[in-house]
Amino acid sequence: SASLAHGDGVTALEFHPRGTLLATAALDRQVRIWPLREGGIENPLRAHGEGEPVLCLTFAPDSDAAAWGAQNR
């Protein structure tokens with residue numbers, strides 16, 4: 001089993017409209033896309049790993065595309 005842990009506080013999470021993916025964003029500057037399967041989650045794909053803390057995210061309603069916004073200092 002995988003852990004949904006981030007290195008710092010989670011700021012957002014979003015389920016894909018089809019329920020096949022979960023995205024999490026955090027102050028650790030990470031966006032992780034978690035493939036979901038019956039009985040658990042799989043290892044995440046890291047979609048963002050530098051820059052500023054990520055504050056929000058969303059999936060497109062009709063595709064697997066995701067968008068997120070980071071704090072701009």
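Strands, like helices, are DSSP runs numbered from the N terminus, with at least two residues (E) required for a strand and at least four (H or I) for a helix. Thr-24 lies in strand 2 of the chain. The structure is a predicted model, in which local features need pLDDT of at least 70 and side-chain atom pairs count only at pLDDT 80 or more, while totals for chains, interfaces and linings use all residues. Residues are numbered from 1 along each chain as its sequence is written, and side-chain values use heavy atoms, with hydrogens and water left out.

The protein chain contains zero helices and seven strands, arranged along the sequence as β-β-β-β-β-β-β. Of its 73 residues, 32% are buried (under 20% relative accessible area, with exposed meaning over 50% and partly exposed in between; 1.4 Å probe, protein chains only). The accessible surface (Shrake-Rupley method, 1.4 Å probe; for residues, only the protein chains shown count as cover) comes to about 4500 Å², and carbon and sulfur atoms account for 50% of this area. Among contacts (heavy atoms within 4.5 Å) between residues at least 6 apart in sequence, 31% join residues at least 24 apart.

Thr-24 is buried, with a relative accessible area of 4%. Its side chain makes a polar contact of 2.9 Å with the side chain of Trp-34 (a pair of N or O atoms within 3.5 Å; within protein, one must be able to donate a hydrogen and the other to accept it, and residues adjacent in sequence count only if both atoms are side-chain atoms). Beyond four places in sequence, Thr-24 is also in contact with residues including His-6, Leu-13, Gln-30 and Arg-32.

Val-10 lies in strand 1 (residues 10-15) and counts as partly exposed because its relative accessibility is 46%. Arg-37, found in strand 3, is likewise partly exposed, at 45% relative accessibility. The C-alpha atoms of Arg-37 and Thr-20 are 7.1 Å apart in space, the two residues being 17 apart in sequence.
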